[in-house]
Amino acid sequence: MSETKAPSNFIRQIIDRDLAEGKNDGQVVTRFPPEPNGYLHIGHAKSICLNFGIAESYGGSCNLRFDDTNPEKEEDEYIQSIKQDVQWLGFQWNGEERFASNYFDQLYDLAVGLIQKGLAYVDSLSPTEIAEYRGNFTTPGKPSPYRDRSVDENLALFEQMRDNKLDEGEAVLRAKIDMQSPNISLRDPILYRIRKKTHHQTGDKWVIYPMYDFTHPLSDAIEGITHSLCTLEFEDHRPFYDWVVENTSVPATPRQYEFARLNLNYTVTSKRKLKQLVDEGHVDGWNDPRMPTISGLRRRGYTPTSIRTFCESVGVSRADSVVDMAMLEAAIRDDLNQHAPRAMCVMNPLKVVIENWEAGKEETLVAPVHPQNESMGTRHVPMTREVYIDREDFREEANKKFKRLVLGDRVRLRYGYVVRATDVVRDDQGEIVEVRCSYDPNTLGKNPENADDQGKMRGVIHWVSADKGLPCEVRLYDRLFSAANPDKGLEEGQTFLSHINPESLTVLEDCWVEPGLRGALAQTRYQFEREGYFCVDQDSTDERLVFNQTVGLRESWPKEA
RNA sequence: UGGGGUAUAGCCAAGUUGGUAAGGCAGCGGGUUUUGAUCCCGUUAUUCCCAGGUUCGAGUCCUGGUACCCCAGCCA
């Protein structure tokens, strides 16, 4: 086992430097701060792994904080799912989960302090007027006529806002900074707005709610966060983040650092778009196995380890990038290859009758649970006169590269005997419905003695006893979108939804799996040999197993076979 | 258009004081194999967005370009 060295990235370098300079008393405290307005997705996993991972490797701690400053979009359902997902990934936050709303009282006092210092004022401009006064990229903003209200008047007005004396949109509290700033987020950013909505944590206590830009630096400071990691789009807000920390009396000086968010091809990682997919019924819910949500990946069969190693492998940088889905798939294949028990499942059954096998005779074959890991033990696979093989594994004729069953040739039934196809049975339409075979009783665990005459043994195929196998359902998944970037190449009137892959889900109803899987619990993962990795879906019942394809095996065989 | 960022292989990504381009994914070739899997071995950038310059020496420093991303919510 090689020592896993902490991956180098610019954030770790900053922390190393800070530690070397003795900053923050040698402490490293991070936080993962989601807004509870949706389910977590693979992009959040990157942030979670970064924040918790850094805390872990520097002997620090990481808080879970809900950034719940906008009661309009937030729900308790999201809070619960977020907590579950973080824990499932294997991380434990420091103490209880926190809420920005825990700090509403302190935030209010700090805002009053800003007013008293002449650094904040109540603006009575309408929303559209505020937008006009703000200017744009080329035009500097101009001061609101209310910008120079007296401290006393501001204090009184802010109190009226808080005491529900004003209507929504009638007034806001703004920081007094610089309406001419080339950085638009410094043109007197809004600190508080009136929202007469019941809040999932504070109920009806408040009718004014602080904005993210005001809340975040203060929450960080209150919690003693040392390194506040967020994505690139907040870069322009950093000067205001520092302004807030400098101009309020808070116990610490957290610093914000930005990294590039994760993009994956053939999917979307935007809460808004994911919510749209769910709300409009394009998928089966937030945990649809095709979704890039943590809960979707979980249902699909991804392991926490695979998601964590994936996040580690993509690294952390400041360059916009789009990670290839193949990297995610490589991570889950790697984990499951090592740990998933093997089983045989036939998904497109074709009956095979072994004519020289005595009717009614059953033989129990012994197979390893894992070919490279003896400690996982063995399993019993019943062999009978009639078995199913996959239709893809039989051809009447084929060239030498086809390593499966061909009429007249031999193939091994995995863990069992070598059989030779002798004839086919067709239905009225001429379609093959059955293959007749003979078997060589002397080939269990050894090769046929006459390998060279009478045609060679072409390969090994999987199979399931027709009498003893279990009928089951298998759900196959393809990428949710057929375009690498669903937001690109759109015609007039099209949206990312136009790129949805209509064949992202294939349900196979007539599948057969070896009987040892009877009663398998939801989430149990297997490698179906020669097919891929699958896990038991939550829709599974005692009567009927349902499997989700997590990912196929790597396939590399000659195209013209 | 003003401001803020980013450019290293098909995709991520190391490269810190200038010393002669890590690693992963994908690909390709070969070996082992009762999974066309796994595993193993080999291979894939004379060049770092472009053009100049400094230097014995530049992905790293300087100058000038180019491309792409973010910002004009009382969202986060």
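**Strand pairing, RNA surface and overall dimensions of chain A**

In this predicted model, strand 1 and strand 2 (residues 61-66) pair in the parallel sense through four bridges, where pairing requires that DSSP find at least two bridges between the strands, and where helices (H or I, at least four residues) and strands (E, at least two) are DSSP runs numbered from the N terminus. Between these two strands the chain passes through helix 2 (residues 42-57), and the resulting β-α-β crossover is right-handed, that is, with the strands pointing away from the viewer, the path from the first strand over the helix to the second runs clockwise. Val29 stands opposite Ser61 in strand 2.

Local features were taken at pLDDT of at least 70 and side-chain atom pairs only at pLDDT 80 or more, whereas totals for chains, interfaces and linings use all residues. Side-chain values use heavy atoms, without hydrogens or water, residues are numbered from 1 along each chain as its sequence is written, and chains are lettered from A and ligands numbered from 1 in the order in which they are written.

RNA strand B is surrounded by 65 residues, of which Gln13, Thr138, Ser317, Arg342 and Gln527 are the closest; a residue is near the strand if one of its heavy atoms lies within 4 Å of it. By class, this surface has 26 nonpolar, 18 polar and 21 charged residues, with Ala, Val, Leu, Ile, Met, Phe, Trp, Tyr, Cys and Pro counted as nonpolar, Asp, Glu, Lys and Arg as charged, and the others, Gly among them, as polar. Of the atoms of RNA strand B within 4 Å of the protein, 60% belong to sugar or phosphate and the rest to bases. A polar backbone atom of Val314 is 2.8 Å from a sugar or linking oxygen of the RNA, while a backbone N or O atom of Gly445 lies 2.9 Å from a base oxygen. Helix 12 gives the largest share of the surface near RNA strand B, four residues.

Chain A contains twelve helices and 27 strands. Its radius of gyration is 31 Å, well over the 24 Å that the globule rule gives for 561 residues, so chain A is more spread out than a compact globule; the radius is taken over C-alpha atoms, and the rule is 2.2 Å times the number of residues to the power 0.38.

Technical notes
Polar contact = N/O pair within 3.5 Å; in protein donor to acceptor, adjacent residues only side chain to side chain.
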